[in-house]
Amino acid sequence: MTATDHPARVLVVDDAATVRLYHSEVLTAAGFRVSQAANGLEAVECAMTDRFDLFIVDVNMPKMNGYACVERLRGAAVGSVAPILMVSTEDRSVDAARAYAAGANLYLVKPVDPGRLARLAILLTMATTTDRPGEATP
Amino acid sequence: MSATAPAPRAEISPALTDADFQRFREFFYRRTGIQFANSKRYFVDKRVEACIRESGEDSFAAWFASLRLGLRPDLIQQAINQLTVNETYFLREDYQFDSLLRSVLPRVLADRGRAGRGGPVRILSLPCSTGEEPYSIALRLIEEWPLIADVDVELHAADIDSAVLTQARTGVYGARSLQRVPESWLYRHFTEVGGGHRQLSAEIRSAVTFSRVNVCDTDDVRALDRFDVIFCRNMLIYFDELSSRRAAENLYGALRPGGYLFLGHSESMSRISPIFAPCRLPEGLVYQRPAQGATA
Amino acid sequence: MALVRRTTAAPAAPTSAPADPAALAEALHDPDPERRRAAAVDLHGFAAAVPALLARVAVEDDAAARDAVLTSLAGHDTPAVAEALCAHLGSEDAGLRTAVVETLAAMPCGAVPLLPGLVADPDPDVRILTAMILADLPAPDAELRLVELVSGDTHRNVVGAALAALLPMATAAHAALLRRTRDRFADDPFLRFTIDAALPALAAADEPCAADAAAAAGDAGPAGGSR
């Protein structure tokens, strides 16, 4: 995949700077424009200010955890329909179920293979990024 | 476990390395939510170096270790002070007063209408410092809110520091503080008192109720009764985790359900408390006390 | 003229009657979440209220009320309160887990004595949350415990979390530890990437730190984890 004139925008949400950096590198290399947020509440505020095509959201974060964040991204105040990929260290089926109930599209357990993350990000945004010739992506 | 503060030193180790800058930037972002772009490198370096000199520590590493360990809260305060803009003046961050007039007050009135509630619209400015903020609100309302003739508005202002409250009640300001105030407003609402200073009219001064309040003291804040709008700008950023949470709780209690809270331009509840809901308005973000309780 | 004016009516809320802790503890169970929240705020500073507050932590379902309970508990920075809070680190409720992490990170006196037990907890998720606490705990012990986790834990996600918390405070003295860690998890792209990104920056920082003592004494022993 090559970077387009209007790269898809992804928000990486994790309280660990190391994880934000890692996901950021992987996704930038895959052609995305990456922004970061350090917890769920900051992510909601970012989503209210800018438009994103994809969210990568960690579960365990201070102030607002990932599930609450996803619920608010989907809720009336933000109303995002962009794909949401949750990433977590927890590996229990109850966690995945909670992620989907909150409105996430996918739930992945850390560590996420970089190639897989890039592939999934591209696949998830292909359906929604409207990059038709002659038309600017909003 | 608290350390005695060493005396300020004249020289320190060479200027910040790239690694130092990155570490400090990440710490500051984690703590305050404020991100410094690489283009701000010079700005950050100079101010951090000033902090290190003031602190008496002999290197970035020693200063940063003290900062991180929380052994010297004064260092964090000073760093935040140095790296944020703190000057107070009339019509500072004016877009928020735009938001008040164009977006927040209409919503407040609509909520009151639906709830069948009367009485004055109550607005609080805390910390009010020397009064520029509450008086700015008063001036914007008088000069630019069409409904001011029809709706009663109570303006309250509070600060922990009695000295600034005294200055605020006196209402005398210099050119620097007044530089953004339109000429016509100066003419209508201020009197020259010599030395390039002007005094705000007695009418506007008497329209604001000033009180001494410590925002972390629940009783202090509760004595104020509830507000429709609170301005709490550029204060919470200085508080540590527990104090900022307690202050947020008190501000929550001081708002009517559905009431609005403005923080400073570069502040965010994301580093303080999730009990307020961010609300997107045309002029920017504001926070709201939920109309009903939110589930945990 | 302007209708901006001061009310002349008396202030509404009656105050000044000293709060009755027993009544406030009762109010922690009030059906109205605002009353529960206000009671939790007002119980701040009453040591006798700690058991009642602790009892609410897991069952309070109003976000603002639960936050108030935890903030008031954090004011009692003791090992006993911290230990009671630790029990919730294993909760199924992610919001509760992370709220407790934040609270413990603000209780250095209470949390520090518990750290040896937490870094050795058999549950890797608890050890990960412990790393989160250590990231913000204002105590010199935090760095030592993080070094323990990085050098000895066998679970890659625990090491990852501990590394994330340690790197902001790491110096050149930690470089050897980081290289050993990268070798230990040579197949983990995240740990490799993170350590490779961090090592050049560490070369520039060379202040002595707690890790020197640990390095001088040889590798810290395994810090937990049964995988």
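Reply: Let's start with confidence, since this is a predicted model. Chain C has an average pLDDT of 86, and 81% of its residues score at least 70. For the complex, the predictor gives an ipTM of 0.90 and a pTM of 0.90.

Now the overall build. Of its 227 residues, 50% count as buried. If you take the contacts in chain C between residues at least 6 apart in sequence, 69% of them join residues at least 24 apart.

The helix to zoom in on is H9(C), residues 124-136. H9(C) has 13 residues and reaches 19 Å from its first C-alpha to its last, close to the 18 Å expected at 1.5 Å a residue. How many of its residues are buried? The count is 12 of 13, so H9(C) is mostly covered, with buried meaning 20 or more other C-beta atoms within 10 Å. The buried set takes in both ends of the helix, Pro124(C) and Asp136(C). It includes Ile128(C), Leu129(C), Met132(C), Ile133(C) and Leu134(C), and also Asp125(C), Arg127(C) and Thr130(C).

What do those buried residues pack against? Within chain C, they pack against H6, helix H7 (108-111), helix H8 (115-119), helix H10 (140-152) and H11. Keep H6 and H11 in mind for the next bit.

H9(C) also has a part in the contact with chain A. On that interface, 23 residues of chain C are in contact with 20 residues of chain A. Helices H6 (94-105), H9 (124-136), H11 (156-166) and H13 (189-203) of chain C each supply at least two residues of the side that touches chain A. The largest share, six residues, comes from H6(C). By type, the residues on this side of chain C divide into 13 nonpolar, four polar and six charged.

For contrast, here's a quick look at chain B, which does have strands. Three of them form an open sheet in the order S3-S5-S4, with antiparallel pairing. The edge strands are S3 (172-173) and S4 of chain B, each pairing on one side only. Four bridges join S4 (residues 190-194) to S5 (residues 197-200) of chain B. Among the facing residues, Glu192(B) has Arg198(B) as its bridge partner, and Thr191(B) stands opposite Gln199(B). The hairpin of S4(B) and S5(B) has two residues between the strands, and Gly195(B) takes a positive phi near 65° there.

Chain B has helices as well: Phe24(B) is found in H1 (residues 18-32). Phe24(B) counts as buried because it has 24 C-beta neighbours inside 10 Å. Leaving aside neighbours within four places in sequence, Phe24(B) is in contact with Val48(B) and Phe64(B).

Methods:
Residues are numbered from 1 along each chain as its sequence is written. Chains are lettered from A and ligands numbered from 1 in the order in which they are written. This is a predicted model: local features need pLDDT of at least 70, side-chain atom pairs count only at pLDDT 80 or more; totals for chains, interfaces and linings use all residues. pLDDT is the predictor's confidence in each residue, from 0 to 100. Two residues are in contact if their C-beta atoms, placed from the backbone, lie within 7 Å. Ala, Val, Leu, Ile, Met, Phe, Trp, Tyr, Cys and Pro count as nonpolar, Asp, Glu, Lys and Arg as charged, and the others, Gly among them, as polar. The expected span of a helix is 1.5 Å times one less than its number of residues. Two strands pair if DSSP finds at least two bridges between them.
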